Amino acid sequence: MADLAHAVHGPRDGPVVVLLHGFPFDRAMWRFQLGALTGNGYRVVLPDLPGAGQTDVDAAATVDSMADDVERLLVRLKIGKATVVGFSMGGYVALAFAVRHASKLAGLVLIDTRSGADTAEAKAKRDATITDVQAHGVRGLATGMLPKQLTETTRTQQRLLVDEVRAMMLRQPKAGVAAALGALRDRPDRTDALLGITAPSLVLVGEHDPITPPSDAQAMASALPKSTHKVIPGAAHLTPMEQPRLVTEALLDWLESHAPPA
Ligand code: MLT
């Protein structure tokens with residue numbers, strides 16, 4: 001259990017949108033979406049998940065406990081219902097929220113994420129990464145992940161963005177990164193639960209995402225009862241930062257038809 005550091009922006013009476021970041025990032029990854037959402041009348045809640053950004057490490061964190069942390073934050077902010085948007089690890093947490101706190105879910109947006117659990121091979125890789133991070137810090141992890149977050153074109157043409165993404169990974173504390181890896185490794189398979197999610201949903205994925213590929217997104221969209229599905233061209237995993245305009249447009253279009261401001 002953790003008290004989530006967070007920021008809240010936008011009109012007090014706007015429909016609430018919660019943005020859950022991925023791994024190993026923090027809430028700063030949503031900077032491109034923030035202004036467009038608040039400018040269009042939405043109230044945006046931006047938590048740092050446990051062990052990331054300004055939130056303390058929770059060595060016992062799971063994706064379920066993180067979803068409960070988000071729910072407790074909404075209670076603290078006196079928010080009844082929210083659209084929960086999750087990118088990758090944030091998507092695992094958003095799915096956990098949808099299952100554990102269904103009555104509080106106005107809508108669900110899953111970006112570059114999946115419903116399945118880690119395979120035995122993936123779990124072993126997480127364990128090796130935990131050992132490496134604990135011994136040497138996050139630099140090796142950041143170097144290995146960068147080519148999966150952004151396409152080669154972006155990495156060669158947008159040096160400032162590359163530096164920003166790398167710096168965001170490097171500033172996460174190694175104890176938080178190790179704890180999050182454990183939570184990722186142990187997350188349950190939520191594929192069967194998709195069928196029971198009755199809130200409207202949007203599934204977005206980068207055309208070239210090598211971590212959670214378009215086939216995973218397609219499978220989730222087919223299982224979710226009320227889903228819209230879009231592939232974001234020219235993006236690898238980190239679509240909200242690599243193709244910010246396309247992601248923001250897709251999000252706003254969908255929000256306007258499912259949770260419009262009064
Ligand atoms: C993320 O982007 O949050 C992680 O890469 C997800 C994962 O490793 O499963």
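**View 1. Arg 187 over the ring of Tyr 92.** In this predicted model, the charged end of Arg 187 sits over the ring of Tyr 92. It lies 4.0 Å from the ring centre. Tyr 92 is also one of the residues that surround the ligand.

**View 2. Arg 31 over the ring of Phe 32.** Here the charged end of Arg 31 sits over a ring, that of Phe 32. The distance to the ring centre is 4.2 Å. As for aromatic pairs, the structure holds 0.

**View 3. The residues around the ligand.** The ligand sits in the largest pocket. Around the ligand are Gly 22, Phe 23, Ser 88, Met 89 and Tyr 92, along with Arg 114, Arg 126, Met 145 and His 237. By class, this shell has 4 nonpolar, 3 polar and 2 charged residues.

View 4. At Ser 88, an N or O atom of the side chain lies 2.7 Å from an oxygen atom of the ligand. At Phe 23, a polar backbone atom is 2.8 Å from a ligand oxygen atom. At Met 89, a backbone N or O atom is 2.8 Å from an oxygen atom of the ligand. On its own, the ligand has 270 Å² of accessible area, and the protein covers 96% of that area.

Note on methods. Residues numbered from 1 in each chain as written. Predicted model: local features only at pLDDT ≥ 70, side-chain atom pairs only at ≥ 80, totals over all residues. Heavy atoms only, no water. Near = heavy atom within 4 Å. Polar contact = N/O pair within 3.5 Å; in protein donor to acceptor, adjacent residues only side chain to side chain. Areas by Shrake-Rupley, 256 points an atom, 1.4 Å probe, with all protein chains shown as cover. 1 Å grid on protein atoms, 1.4 Å probe; cavity = no way out; pocket = protein on both sides within 12 Å on 5 of 7 lines; lining within 4 Å. Sits in = over half its atoms within 2 Å of the grid points. Nonpolar A, V, L, I, M, F, W, Y, C, P; charged D, E, K, R; others polar. Phe/Tyr/Trp six-rings, centres within 6.5 Å; stacked < 30°, edge-to-face > 60°. Lys NZ or Arg CZ within 6 Å of the ring centre and 35° of its normal.
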